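I opened my notebook today to look up a few places in this structure, one entry at a time. Come along and check each one with me.

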Amino acid sequence: MKGVRFDYAGADVLVAGGSGGIGAAIAAAYREAGADVTITGTRAAAGDYDDLVPGCAYRQLDIESADSIAALAAATARCDILINSTGIALMTIGLDEYEPDIFDRAVRMHLTGAYRLAHAFRDKLAASSIDGGGSFIGIASLSSFFGIEQVPGYGAAKAGLVQMMKTLALAWAKHHIRANAVAAGLTESKMTAGVKHMPEVLAPTIARTPLGRIGLPEDIAGAVLFFTSPAASFITGQTLLIDGGYSVVG
């Protein structure tokens with residue numbers, strides 16, 4: 001990671017949703033820092049992907065399935081750091097989140113699934129002996145704080161995630177687990193690729209962003225590695241906005 005060096009040698013990191021986008025950048029950053037990294041994806045095997053982060057173990061996970069989450073936890077011997085980067089804004093695959101069943105699916109995917117995953121790994125995180133203790137990191141969004149018309153279910157879930165991290169921080173402090181989130185602004189990924197070809201969306205976003213660009217997955221990864229490091233050992237229950245200043249413009 002440019003300009004910054006983390007040492008995660010000996011740490012076991014699980015990046016749920018690490019097969020692409022922000023999750024893949026996070027997984028790559030932990031590998032570069034020396035961690036043993038497992039990533040999950042929705043496909044049956046690592047060979048079903050062309051571009052997984054090298055050097056990572058692979059497990060299949062359906063974040064919408066309680067059985068799949070339980071199976072992943074049962075197959076994982078140790079976990080010091082759990083990152084949840086699963087899910088997708090359903091409108092990007094042509095689904096209308098204003099339909100009640102689709103709204104419900106969005107909430108189950110991004111909020112209920114996140115909680116089930118954290119709950120399934122709580123005891124493993126509590127057993128961590130790394131400096132700073134075990135960590136659970138959620139990926140929030142600008143839709144956690146702003147009303148974004150196209151994604152009512154996704155936004156509701158991401159807003160709930162921010163509150164959930166506060167509650168887990170309180171409840172799990174006694175287990176020496178810290179819970180934090182990063183809220184990504186508009187960031188390059190497969191999910192947001194279409195925005196590049198939508199000047200009516202992209203231009204006003206960049207115009208409002210003081211740093212004058214959209215985010216890169218690596219921008220998110222750096223903050224995540226800080227949050228789980230000993231340098232952040234007195235930080236829990238927080239959500240850090242990583243948006244180039246978008247949210248501070250009046």
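**Entry 1: Val249.** I began with a single residue, keeping in mind that the model is predicted. Val249 has a relative accessible area of 31%, so I wrote it down as partly exposed, since the range for that term runs between 20% and 50%. I found Val249 in the segment after β7. Which residues does Val249 touch, leaving aside its neighbours within four places in sequence? I noted Arg208 and Pro210. I also checked Val249 against Arg178: they are 71 residues apart in sequence, and their C-alpha atoms are 30 Å apart in space.

**Entry 2: the sheet.** Next I followed the strands. I found an open sheet of seven strands, paired in parallel, in the order β3-β2-β1-β4-β5-β6-β7. Which strands stand at the edges? They are β3 (57-60) and β7 (239-242); each has a single partner strand, so one side of each has no neighbour in the sheet. From one strand to the next, I read an average twist of 20°. A reminder to myself: strands of a sheet pair through backbone hydrogen bonds, either parallel or antiparallel.

I then looked at two of the pairings. Strand β1 (residues 12-16) runs parallel to β2 (residues 36-41), and four bridges join them. Here I spotted Leu14 opposite Thr38 of β2. Four bridges also join β4 to β5, again running parallel. In β5, the residue opposite Leu82 is Phe136.

**Entry 3: strand β5.** Is β5 enclosed or open to the outside? I counted eight of its eight residues as buried, so β5 is largely enclosed by the rest of the structure. Its residues point two ways: Gly134, Phe136, Gly138 and Ala140 go one way, Ser135, Ile137, Ile139 and Ser141 go the other, and all are buried.

**Entry 4: helices α3 and α4.** I saw that α4 (residues 152-172) lies across β5 (134-141), β6 (177-184) and β7, and that α4 runs at about 160° to β5. Helix α3 (residues 100-126) packs with α4 at an angle of about 20°, and their axes are 7 Å apart. That angle makes α3 roughly parallel to α4, because angles under 35 degrees count that way. I noted their crossing as right-handed. Among the residues making the contact are Phe103, Leu111 and Tyr115 of α3, and Tyr154, Met164 and Trp172 of α4. Sorted by class, the contact has 15 nonpolar, four polar and two charged residues.

**Entry 5: helix α6.** How many of the eleven residues of α6 are buried? I got eight, and the helix, residues 217-227, is mostly covered. The buried ones include Pro217, Ile220, Leu225 and Phe227. I looked up what covers the buried residues of α6 and found, among others, α1 (21-32), β4 (81-84), β5, β6 and β7.

**Entry 6: His176.** My last stop was the loop between α4 and β6, where I found His176. Is His176 buried or exposed? Its relative accessibility is 60%, so it counts as exposed, the cut-off being over 50%. I also read its phi, near 65°, which is positive although the residue is not glycine.

Technical notes:
Residues are numbered from 1 along each chain as its sequence is written. This is a predicted model: local features need pLDDT of at least 70, side-chain atom pairs count only at pLDDT 80 or more; totals for chains, interfaces and linings use all residues. Side-chain values use heavy atoms; hydrogens and water are left out. Two strands pair if DSSP finds at least two bridges between them. Helices (H or I, at least four residues) and strands (E, at least two) are DSSP runs, numbered from the N terminus. Axes are lines fitted to C-alpha atoms, for helices over the stretch in contact, and angles run from 0 to 180 degrees between N-to-C directions. Contact means heavy atoms within 4.5 Å. Angles under 35 degrees count as roughly parallel, over 145 as roughly antiparallel, 65 to 115 as roughly perpendicular and the rest as oblique. A crossing is left-handed if the near helix is turned anticlockwise from the far one by less than a right angle, and right-handed if clockwise. Ala, Val, Leu, Ile, Met, Phe, Trp, Tyr, Cys and Pro count as nonpolar, Asp, Glu, Lys and Arg as charged, and the others, Gly among them, as polar. Buried means under 20% relative accessible area, exposed over 50%, partly exposed in between (1.4 Å probe, protein chains only).
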